[in-house]
Every structure is written in C-alpha cells, then in structure tokens.
Amino acid sequence: MKIILDAMGGDNAPAAILKGAAAATADWPDVEILAVGDAEKIAACVKENGIEMKNIEIVNATETIEMCDEPAKAVRAKKDSSMVVGLRMLAEGKGDAFVSAGSTGALHVGASLIVRTVKGVKRPALATVIPGKTPFLLLDCGANVECRAAMLEAFGVMGSVYMQKVMGLEKPRVALVNNGAEESKGTPTYVEAHQLLKNNKAIHFVGNIEPRDIPAGNADVVVADGFTGNVVLKLTEGLAKFFSAKLKAMFKKNAGTMLGYLLLKGGVAEFKKSMDADEYGGAPLLGTRRPVIKAHGSSNARAIRNAIRQAKLCVESDLCGVMAESLAAVAEQETAH
C-alpha cells in the first residue's frame, strides 16, 4: 500500500511529518510512504533529526502552498507545490491515499479539481471524529460554509458509510444539528434536509439534535453545514482544553488534592486520551474518488502517524468505492420516487 504524504504541509513540517511517517512504517511494514516536498530540505531534516527512512521515498516538489495563500489561486498557480503534486499523483493512481496537514481550503479545492468527487457529490465534506460519551463523526467541519438540503442528505449517507467501514459500527445513528428536536425547527434548508434524511432508507436517521446533546452519545454521525459544524468543532476543542486545565489546577491545589490525583491517575490519563484529537490524527474529505485525509495544521509526529493509519483503514475498507455505491443507490431510490 502506498500513502502519499505532503511533507511540507503544516506548522511543524517537515520534521513532524517525516517522524510521523517513520513511526507509521515501523508499525505497519506493508505501508510505503511517498513523501512529497523539497528534496533538499527533506534530506537536511532527515540528517539533522536522525529519521529512519525505511519504506519512505522522497518525491521532489519545489513549491509550498502557505496557510496565508488564497486557496483556489494557489492550487492553480503553484503546480509544483507538494500538495498539488501529491494530489495529482493520487489522481493518476501512483498512490492509494493522500495525507496533508497543509491549508484546509487549498486541500478542499485541490481534491475537488484534481482528484474529483464521486457521482452525487458536488463538493467533498470535511469530517472529524470527536470524543464524547462515544466517539461521533461531525461533518461538515468547515469545507462548505453554505449547503443545500441535498448536500446535507449526502453528508448523512457519507458519514454513515465512514462509521461503518472505518469505525466498525454496524448501524450508525445519524442526526441533524438544529436548535430544536421538532421537525419544523431551523431554516427552510434544514427543514427540507430533515425530510430528505428521514425518508432515506440507506441510513438510520434519529432526527434533529441540539448542540447540548451531541456529546451525550445520542448520535454517531452529526450532520451540519460547514459554518455550523466548524463552530461546534471549535467550541468542543475549547471546552476540552478548558476542562483539562481546570482539572490540572484542581489536583495541584494542595497535598490532599495531589494525593487524590495519585489515586485517580489511571482514570485521568484515560480521560485525557479520550479528549486528545491526536488519537484520531486527521479528518477525511468524504466524497472524493480516492481517500484524502486532512491532518491538523499543528500536527505532531503522533498525529501524522495516526492520520496515516486513517488513510490505511480507508484504503483497506475500500471506503470511496463503497461510498460511491451507496450514493448511487440513494440516487436510484430518489429517481424511483
């Protein structure tokens, strides 16, 4: 299996990217990494950090898309950037999946224009697994700020397939983010989306879900437009950091609380791990013809290693193929009606 990796994308590139790649190839010997980026800079980084490059091949690309670049313009102008070269390699079948911690906007544009989307998907959705009482998939997390009702329905189908194939859930529960549980709640787009999701026989739709109920484990797939989803994601990340900091301060208060920490150390460690986004590594762009994984811009080596693991699971489960079949079945169902 060949995973194409954007070696120059992200705040900690190329060191964290290459260290993550080395960790991945050590854990999964059947994975070969094609690290795309400035060969000279990569070679210097490898030497400086003593990175083991077994099963890692360098593919030279002379340009880098910066976070501050305008996405569409950058994808079209920087044709020899690590991201564009990597996406082109994926589209041409030179690798099985692509992983990048670079610009989200550029990756979304590049994946849409170069890799293309499966039939029935206008634009891919950014999906993120978020810890809660049980982990749930939130999509869209920011790729499509405005969505039509049919797009939200497609997100529900794609999210359900992902949770079945990658996370191993037999019958994922799909819910639509809204400001109330009633079918009549929300904007006209959300009211229409509710009906489409409700009548879709390919998914297990459980209705609207209010934001306060999302972490309680009431749904496995949470559907929203990119603006709403990004607000939910950022608020969740902020609350996780806030509670972790408050917990740490509480245990450090005095000798008694520190003793309590020692007694609860295992539970605290488990809580921190469950709230750690690095455990999931990256967010898949669902709807593309081949697997594309977006890692966080500030990803460390562990996050990159786990993003590669996600890419590996997507390939092994033929996620994109199954998703295309599921969306085709939905289209046939709607045509029959």
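This is a predicted model: local features need pLDDT of at least 70, side-chain atom pairs count only at pLDDT 80 or more; totals for chains, interfaces and linings use all residues.

**Stop one: α1.** Select residues 15-27. This helix of 13 residues runs 18 Å from its first C-alpha to its last, close to the 18 Å expected at 1.5 Å a residue. Now colour A16, I17, L18, G20, A21, A22, A24 and T25, the buried residues of α1. To see what covers them, show β1 (2-6), β2 (32-37), α2 (39-49), β3 (56-60) and α10 (301-316), which are among the covering elements.

**Stop two: I42.** Stay with α2, where I42 sits. Is I42 buried or exposed? Its relative accessible area is 0%, so I42 counts as buried. Skipping neighbours within four places in sequence, its contacts are A7, M8, L18, A35, V36, G37 and I58.

**Stop three: the core.** The largest nonpolar core takes in 100 residues, and F155, Y162, L286 and I308 have the most contacts inside it. Helix α6 (residues 149-165) is the top contributor, giving 10 residues to this core. Zoom in on F155: beyond its neighbours within four places in sequence, F155 touches R123, A125, L139, D140, N144, C147, V223 and A224.

D140 belongs to the loop between β6 (136-139) and α6. For another cis bond, go to A13 and P14, where omega is near 0°; P14 is in the loop between β1 and α1.

**Stop five: α4 against α5.** Select residues 82-91 and 104-115. Their axes come within 9 Å and cross at roughly 35°, and the crossing is right-handed. On the α4 side you'll find M83, V84, L87, R88, L90 and A91, meeting A106, L107, G110, A111, I114 and V115 of α5. That contact splits into 10 nonpolar residues, one polar and one charged.

**Last stop: positive phi.** R116 is not a glycine, yet its phi is positive, near 75°; the residue is partly exposed, at 44% relative accessible area. Finish at N55 in the loop between α2 and β3, with phi near 65° and a relative accessible area of 31%, so partly exposed.

Methods
Residues are numbered from 1 along each chain as its sequence is written. Side-chain values use heavy atoms; hydrogens and water are left out. Axes are lines fitted to C-alpha atoms, for helices over the stretch in contact, and angles run from 0 to 180 degrees between N-to-C directions. Helices (H or I, at least four residues) and strands (E, at least two) are DSSP runs, numbered from the N terminus. A crossing is left-handed if the near helix is turned anticlockwise from the far one by less than a right angle, and right-handed if clockwise. Contact means heavy atoms within 4.5 Å. Ala, Val, Leu, Ile, Met, Phe, Trp, Tyr, Cys and Pro count as nonpolar, Asp, Glu, Lys and Arg as charged, and the others, Gly among them, as polar. The expected span of a helix is 1.5 Å times one less than its number of residues. Buried means under 20% relative accessible area, exposed over 50%, partly exposed in between (1.4 Å probe, protein chains only). A nonpolar core is a set of buried Ala, Val, Leu, Ile, Met, Phe, Trp, Tyr and Cys residues joined through side-chain atoms within 4.5 Å.
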